[in-house]
Amino acid sequence: MHDTKLNYIAGEWVAGATEIENRNPSDLSDLIGMFAQATPDQLDATLEQARQAQAEWAAYGIERKYNVLMAIGTEMMNRAEELGTLLAREEGKPLAEGKGEVYRAGQFFTYYAAETLRQMGDTADSVRDGIEIDVRREPVGVVAVISPWNFPTATASWKIAPALCYGNAVVWKPANVTPASAVALVEIIARQDIPKGLVSLVMGAGSSIGQRLVESPKVNAISFTGSVPVGKGIAVSAIQNLTRVQMEMGSKNALAVMDDADLDLAVSLALGGAFGGSGQKCTASSRLVVHQSIHDQFVEKLVLGAKAMKVGHALEAGTQMGPVVSEQQLSENLAYVDLAASEGAELLCGGQRLEMATDGYYMSPGVFVGTNNDMRINREEMFAPLACVIPVASYDEALHVVNDTNFGLTAGIVTTNLARATHFRRNAQSGCVMVNLPTAGTDYHVPFGGRGDSSYGPREQGRTAAEFYTIVKTAYISSGTPT
Ligand code: NDP
């Protein structure tokens, strides 16, 4: 018998009208728990309380806010093993990646703890005599955070930590596929010295409770990470209330491998970038743009590497690739394998459902060759452990192919040629550029985001996050003449 995990509404843990079960994608017989689904009334109540809590929180001294964020981050880092195990169990990424994600999420909180002390503004003299100007940033108000399942703890943390740092309240709707990680994080936050209702957890389906949240005039800003269609729908809802939005969406990242590349490095970057997290990363290298003069050698090593990858239970020692997250995701992935065949791509390995000792959503990493950049498999985000090799005849063609996409989150080049590396860094049309590094894997103290369909609104992370989570106030002060 499992206790149902509850929503955190207006500072209280409360049951919902219904609940859902959460099962381990590595082993469907493992029931992680039951999770309450928030009702519309609960959402409205928590939004009301969030408004009051936000005013109280904004009035806290900066060291008091610092202490709260530092305590959350430190506890997450200290409990990375335990919480990372829970994350890997519900999402399916290998344990080491789960632990790493929780530790990194803790770092977002400790980084923004320090930022609470560094909230500098600008000062200026007025063009009018005797008047001074003070420009400072104030909180936006109540922020809705809507997060995806693929990085259930990190994505939410890189939104919640800056939201709190800059004095806002948070109403969080996590992905319903990964509610356990959300409850674990909110349990930590709820124990801190914060006003009642400053942070709310509203679990439920995006199409119902999520939609109600983004339509609410009580929300001042929405930070969303997820798919392009859902992001566009959220933007339409938000504009009705002139609610500020920030959206990180999908991508179709390319890794360009040049004829002068260190081939072993290129293969290891491609394997990690394409199959890490079972390919379910917005930064995954799903397009491998390879110079034709090294194409065959590269492909031979890539296929050997893909075949050697150990697919298995996320919590089992030695697993390099866990299952995909759900039956729906697996069937979408297999449909892309069929589409690739119909488009004329050649599957050299993988791309199959795997039967393992435990019943789960296992799939072997797949490599396609003979692809071109016009095929749908190279234009649509598959979010699958599938990599497509696109041959090119020159550096110029490689750069053209890399940039020929509706997306633009990350782009990478593997080369030993400084001139190419420099030209690529300056001309790749993406938010992040990687030189001799995987397309996936970013830091927490610098901006993160993309171009085109990948992102909309101000960047996340680092000090740039202040642009979204604050509103600028310009004060004019005439102090008069001292007597
Ligand atoms: P979805 O867009 O389906 O869902 C994202 C979140 O939005 C979930 O919490 C979902 O709820 C919620 N949601 C769905 N419909 C609505 C709605 N109408 N109103 C409000 N909220 C809603 O994406 P996934 O969770 O399936 O994540 C995978 C996608 O996210 C991929 O395309 C991936 O590239 C992208 N992504 C982008 C990243 C980036 O930084 N650019 C990072 C990570 C992922 P629920 O699922 O519970 O119904």
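A polar contact is a pair of N or O atoms within 3.5 Å; within protein, one must be able to donate a hydrogen and the other to accept it, and residues adjacent in sequence count only if both atoms are side-chain atoms. By that cut-off, a backbone N or O atom of Ala 175 lies 3.5 Å from an oxygen atom of the ligand. This is a predicted model: local features need pLDDT of at least 70, side-chain atom pairs count only at pLDDT 80 or more, and totals for chains, interfaces and linings use all residues. Residues are numbered from 1 along each chain as its sequence is written, and side-chain values use heavy atoms, with hydrogens and water left out.

**Ligand contacts**
- Lys 173 places a polar side-chain atom 2.7 Å from a ligand oxygen atom.
- Gly 226 has a polar backbone atom 3.2 Å from an oxygen atom of the ligand.
- The protein buries 86% of the 900 Å² that the ligand exposes when taken alone (Shrake-Rupley method, 1.4 Å probe).

**Shell around the ligand**
- The ligand is surrounded by 29 residues (a heavy atom within 4 Å).
- Lys 173, Asn 176, Ser 227, Met 249 and Glu 381 are the closest.
- By class, 14 of the shell residues are nonpolar, 12 polar and 3 charged (Asp, Glu, Lys and Arg count as charged; Gly counts as polar).
- Helix H7 (206-215), strand E11 (221-225) and helix H8 (228-240) each supply at least two shell residues.
- H7 gives the largest share, 4 residues.

**Overall fold**
- The protein has 14 helices and 21 strands (DSSP runs of at least four and at least two residues, respectively, numbered from the N terminus).
- Its C-alpha trace spans about 85 × 65 × 40 Å along the principal axes.
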